[in-house]
Amino acid sequence: MSSPERRTDSAGAFLWPILILGVAVLLALIVMACGVEPRAAFAALASGAAGSSIAWGQTLASMAVLCFSGLAIALSFRAGIFNIGAEGQFVVGAIAAAAVGTKLLPEALPWPLGVSVLLAVGAAAGAGWSAVAGAMKRWRGVSEVIATLMLNLIALILLHFTVSYPYLLRDPGTIESKGSSLPACAALPGWGGTGFHAGVFLTLPAALVLWAIVYHTRAGLSLRAAGLNPVAAQACGIPVERVRMRVFALSGALAGLGGALALMAAGRLTKSLYPDYGYMAIAVALAANLHPLLVLPSALIFALLETGSKAMERSAGIPSEVVYLIEGLVILALLSRGLRLPGSRAAAGTAAEAGGEA
Amino acid sequence: MPDLASSIPALACRGVSKSFGSNRALDAAELSVAAGSIHALVGENGAGKSTLMNIVSGLLRPDAGSVEVFGAAARFASPLDAVAAGVGMVHQHFLLAEAFTVAENVALGRRASSLGLRFDSKRYEAEVEKLSEETGLSVDPRARVEDLSVGLRQRVEILKALARGARILLLDEPTAVLAPPEVQALFTTLERLRAAGRTIVLITHKLDEVFALASDVTVLRRGKTVFAGPLTGFTAEDLARKMVGEAREINAERPVSGGEIILEAKALSVPAASGTGLHDAAFALCTGEILGIAGVEGNGQDELAGAIAGTLRPAPGAQLRLAGADLLAMNIRRRAEAGIAYIPSDRQREGLVLEFSLAENLILREAFARPNPFGRGPLIDRHRVSAMAGPKLADYEVRPPDPVLPAGSLSGGNQQKVVIARELSRHPKVILACNPTRGLDVAAAASVHARLLDAARKDRAAVLLISSDLDEVLRLSDRVAVLYNGRLKEAGVRGVGKEEIGRAMVGA
């Protein structure tokens, strides 16, 4: 739209900054109510997120997970699919990679090969899981929001089941419910116990490749057209349903790949492998304005807040939920500025009419 | 209003300017509408008429200049403010809740009762009945809007505005969707409202309407007021010259051709998508020929177009052949490759991706051809796209001809030119044109007509022109058929009487 004619009434334009300011003050009060000086809380947050090599290692490992799931969400939303299933696709990718890694992978395999096989397995599993939602939408008309949300729950139950039940993926050597360790050939090169792993290096090429696909290929043209105006896209011969099916699969593959990476970084399947990161990825993608390259910095910021808040909870006694509150506010502020998702035709229509017949 | 001094204009715009990005839609435009008059606001597409009306009705705010309503400065922050000041807008595309009754629609957006809890349908039905009686706009207040014809829906829109106390009525292209008898009824209504003291601003492209109704006229050209004054002593040519700035004419004269059959339909039935559906249609279309299909919208037009374009699936047993090949076995992309061009009725919904650049809109069909015309393998090379788009936009006189602009920033006429550039530059065998000049001004419509005639005459393309504009159909077509209630009836070759077809269109 070259006519960014936002018809917020003048009251609304002032309301948001005031509201956000008000909540910020409220948050500072909450922090003080916890008996901590706000400045100390923020110092704890900062040093926990980026104050040491261990902090950075954890932050970057979190960033990698958020990045892959964030790319998956950004891609889906661009195509007009409200896929909120990155969480489930991530988990299923991790489960599948754990199954292949612990049961099938020969010990003697060189690590680049073992890691690649598991990444491919994770991606394939994520793609398949996402395709279930895609098929439900395409052939039965089920809303993808409902389908992906339900599949998330199923994936989570599947995870708990496989790591708790003997003969499946549970480590028989412990009384805890956790998976067997992966063989050495599936170990990601790390950096001396900091949590940092080689998978972080995959985020930049992944974002670049997606950016090129979205903006510089025929597939990207049909994807964006299908998201912005499916009726026109269809009338011009773009097979919108098929395009969306592919996007379901591709975004599932991205989230599943992230799941395999997180699994290999952890060395074994556990019940709490980056829980809820698939939902946080929605915020990451929205904050990045659904642009593949902007997902990188967006994921980094959210990862910094995430690791920082955990550290703050430990050292300053501030509940980490305070940070989630801030994140939620940031997202609301972004949305209130008029970030328009593809598919919300009403907004497009009025803006176009205002400028269109000018 | 009778108690107001007649020297105070009902509506006055002074030096109103408005820009969208670098596009200056209004440049110190002036408008002065005398109370109790019917005032025509005319101008080409992109002249700024709609922008000015959107400012007056509170949808947009001006960058500069002022608006006065009955002498009082009006600074509308929202359409509600405009309504409160007595300005009512009847949009070209109606804003009605179809599942609601007429009375419910009239009540919509107003306080239902003192507490806002209970909906007093009796009260609103009585109100509608009273208004109907006063104005001659008779509608059953208990009828559901979805059951009403387009003409009646328009009455509901007008009633809605009047019920909210509109003293100034703005009507945007009110006849665009109406059949001839409905147009007559609207004219009578407007005349009656004026006689009752209301002020009416009529935005239109059709000059005969201006002369039939208005006493005064304001002409906008490229955002500026180029003429304002009474209509007396004016001819249609004078006015057209003021609008366009230069004389442009189209030459519809062409020989009736005798080409071979290129598109043939038999037993074509399509389940209803929006109107009545299409029942058992049959026709044959020859190369170089223009077959016009007249009819009031919703009588099977969408279904006929959809079946040929490939967006709707006909009932089993239908036959549709393009030069002997089975069109129904092809998907949309294959149909385009086989030589079908489609100019949809609603360019913003079906023709363009408004957020896309002009260049991207232009390649929506060709980008998927084999071999890839715009790069290697799956890639699209932006330089190659721009190199193609620039000359094409210039060739089809799209203004501004800048390939990187989003399609949504262009005026309606220029958006339509982009669709036509995309579809006709492929040199198609069959052109399916649905209401191709809807909402366009005289000059833009003439340029579209010239393009279609050129395609038929020079390129020997067959044109299927489906239009609710009877003049357009009669002017361009070699043969005319009428769609009424889902049935297609051949009405004869060119020269057939307008009255006769007009009657067939409304089933009389």
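Which residues does B:Leu452 touch, not counting residues up to four places away in sequence? The legends below begin with that residue. This is a predicted model in which local features need pLDDT of at least 70, side-chain atom pairs count only at pLDDT 80 or more, and totals for chains, interfaces and linings use all residues. Residues are numbered from 1 along each chain as its sequence is written, chains are lettered from A and ligands numbered from 1 in the order in which they are written, and side-chain values use heavy atoms, with hydrogens and water left out.

**View 1. Surroundings of B:Leu452.** B:Leu452 touches B:Ile343, B:Ile431, B:Ala433, B:Pro436, B:Val463, B:Leu465 and B:Leu476. Contact means heavy atoms within 4.5 Å.

**View 2. The largest nonpolar core.** A nonpolar core is a set of buried Ala, Val, Leu, Ile, Met, Phe, Trp, Tyr and Cys residues joined through side-chain atoms within 4.5 Å. Buried means under 20% relative accessible area, exposed over 50%, and partly exposed in between, with a 1.4 Å probe and protein chains only. This core has 135 residues, and A:Leu269, B:Ile431 and B:Leu452 touch the most other members. Helix α10 (residues 240-266) of chain A gives the most to the core, with 13 residues. Helices (H or I, at least four residues) and strands (E, at least two) are DSSP runs, numbered from the N terminus.

**View 3. An open sheet in chain B.** Four strands lie in the order β12-β11-β14-β15, with antiparallel pairing. Two strands pair if DSSP finds at least two bridges between them. β12 (278-286) and β15 (325-326) of chain B stand at the edges with a single partner strand each, so one side of each has no neighbour in the sheet. Strand β14 (residues 319-322) of chain B is joined to β15(B) by 2 bridges, and B:Arg321 stands opposite B:Asp326 in β15(B).

**View 4. Packing of α3(A) and α7(A).** Helix α3 (residues 53-78) and helix α7 (residues 203-216) of chain A pack at an angle of about 10 degrees, with their axes 10 Å apart. Axes are lines fitted to C-alpha atoms, for helices over the stretch in contact, and angles run from 0 to 180 degrees between N-to-C directions. α3(A) is therefore roughly parallel to α7(A); angles under 35 degrees count as roughly parallel, over 145 as roughly antiparallel, 65 to 115 as roughly perpendicular and the rest as oblique. Residues making the contact include A:Phe68 and A:Leu71 of α3(A) and A:Leu210 and A:Val214 of α7(A).
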